[in-house]
Amino acid sequence: MEESYQHGGDIYRNDVLYDFSVNTNPLGMPQKSVEAAIKGISLAKCYPDSQADALREEIANKKQLLKEQILVGNGAAELIYGLCQAIRPQKVLTVSPCFQEYEEAVCSCNGEMQFWNLKEENNFSLEETFIKKITEDIDLVFLCNPNNPTGQLISRQLLEKIAKRCEEMKVWFCLDECFLPFLKEEASYSMLSSICDFPHLMILRAFTKIYGMAGLRLGYGISSNGKLREKIQRVIQPWNTSIPAQMAGVEALKDDAYLLMTRQLIERETQYLMREMQKGLAEKIYEPSVNYIFFKARKDLKERLLEKKILIRSCDNYHNLCRGFFRIAVREREENQALIRAWRDLERK
């Protein structure tokens, strides 16, 4: 069956040498995580720990949380769907453009998604006037920080105002922070330290992007609301994360050197890509904050690069965007050079 929307990473139906369409860590999984996952395969005759205790303990220690505040999921996507199935929201508010999986999850429980359009002339940044849209008839708000695909960050001050408004209106607030670990100033933007202040807040994190585990599927949600966690736990399947995934996650969290190396690589390679793209390749580049770059360019760029076996993410199927908007991941230098060479070759023709 054909998917109802496009998604990055479809290397199975395209002849691809370089995939810039998904924003996973270009370093791949940490080596200790690879070794742990291989060891986990040897234990596959056993059921995984349905409570993922070892992983939750490691997350709690690393993020200064309480173990019971943490829900582990088969990627953050499972928890997005689990949240919607648990609370069955009728009216949900998000911005556009934004990550499309939120809308898919809302539709799966027959809810209605309402969109607050980000303004191109304001570089698609979230404005404080968004708060006024959070009214008593809204059941749930989804936001992504930084936003996907635009890469725009939301300040901690604005997020706190939004969270307070949601508490006043008794509106659930799901904040997706899956890309924040790529940011050196992660703590300045994250709401993790305030999780106990907002019972209606749920924060999403994932190993998918920052630790390069897209194929293992591992994410987690954080909430101080025990009733919400219990509701979500009841609707997601038991044994939802495998032994290899849990073991790989534990080892990933211990590897601070890997995280530092990742951030250094992303900073260096983002600067390289920006310099090259500004030499007449892109029509407009939006200032990147993490490991992907959002930009406008020739409308046939995706198709022409695919002819050269390079896959990028066209963003024309996002709400509030049109043909000519694209997103590329920041990869290692050899891959980035291949992209720039192919792109420059197109512009010469």
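Colleague: In what order do the four strands of the open sheet lie, and is the pairing parallel or antiparallel?

Modeller: A word on conventions comes before the answer. This is a predicted model, in which local features need pLDDT of at least 70 and side-chain atom pairs count only at pLDDT 80 or more, while totals for chains, interfaces and linings use all residues. Residues are numbered from 1 along each chain as its sequence is written, and side-chain values use heavy atoms, with hydrogens and water left out. Helices (H or I, at least four residues) and strands (E, at least two) are DSSP runs numbered from the N terminus, and two strands pair if DSSP finds at least two bridges between them. Here the order is β9-β10-β13-β12, with antiparallel pairing. The edges are β9 (284-286) and β12 (313-314), each of which pairs on one side only.

Colleague: How many bridges hold β10 and β13 together?

Modeller: Five bridges link β10 (residues 292-296) to β13 (residues 325-329) in the antiparallel sense. Within that pairing, Ile 293 has Ile 328 as its bridge partner, and Phe 295 stands opposite Phe 326. On the β12 side, two bridges join β12 to β13, again antiparallel, and Arg 313 faces Arg 327 across them.

Colleague: Why is β13 described as largely enclosed?

Modeller: In a regular strand the side chains alternate between the two faces of the sheet. Burial is judged by relative accessible area: buried is under 20%, exposed is over 50%, and partly exposed lies in between (1.4 Å probe, protein chains only). Five of the five residues of β13 are buried, so the strand is largely enclosed by the rest of the structure. Phe 325, Arg 327 and Ala 329 are buried on one side, and Phe 326 and Ile 328 on the other.

Colleague: Which helix lies across β9, β10 and β13, and at what angle to β10?

Modeller: Axes are lines fitted to C-alpha atoms, for helices over the stretch in contact, and angles run from 0 to 180 degrees between N-to-C directions. Helix α9 (residues 256-277) lies across those three strands and runs at about 15 degrees to β10.

Colleague: How do α9 and α11 lie relative to each other?

Modeller: Two packed helices are described by the angle between their axes and the distance between the axes. The axes of α9 and α11 (residues 333-348) come within 11 Å and cross at roughly 10 degrees. Angles under 35 degrees count as roughly parallel, over 145 as roughly antiparallel, 65 to 115 as roughly perpendicular and the rest as oblique; α9 and α11 are therefore roughly parallel. Contact means heavy atoms within 4.5 Å. Among the residues of α9 that meet α11 are Tyr 272 and Leu 273, and those on the α11 side include Leu 339, Ile 340 and Trp 343.

Colleague: Which residues have the most contacts inside the largest nonpolar core?

Modeller: In soluble globular proteins, nonpolar side chains tend to be buried together. A nonpolar core is a set of buried Ala, Val, Leu, Ile, Met, Phe, Trp, Tyr and Cys residues joined through side-chain atoms within 4.5 Å. The largest has 111 residues, and Phe 142, Leu 143 and Phe 295 have the most contacts inside it. Its largest share, eight residues, comes from α9.

Colleague: Is Asn 240 buried or exposed?

Modeller: Asn 240 is buried, with a relative accessible area of 8%, and is placed in the loop between α7 (226-235) and α8.

Colleague: Where is a cis peptide bond found, and what is its omega?

Modeller: Most residues other than glycine have a negative phi, and most peptide bonds are trans. The bond joining Asn 145 and Pro 146 is cis, with omega about -5 degrees, and that from Asn 148 to Pro 149 is cis with omega near 25 degrees. Pro 146 lies in the loop between β5 (140-144) and α5 (156-169), where Pro 149 is also found. As for phi, Asn 110 has a positive value near 60 degrees and counts as exposed at 62% relative accessibility.
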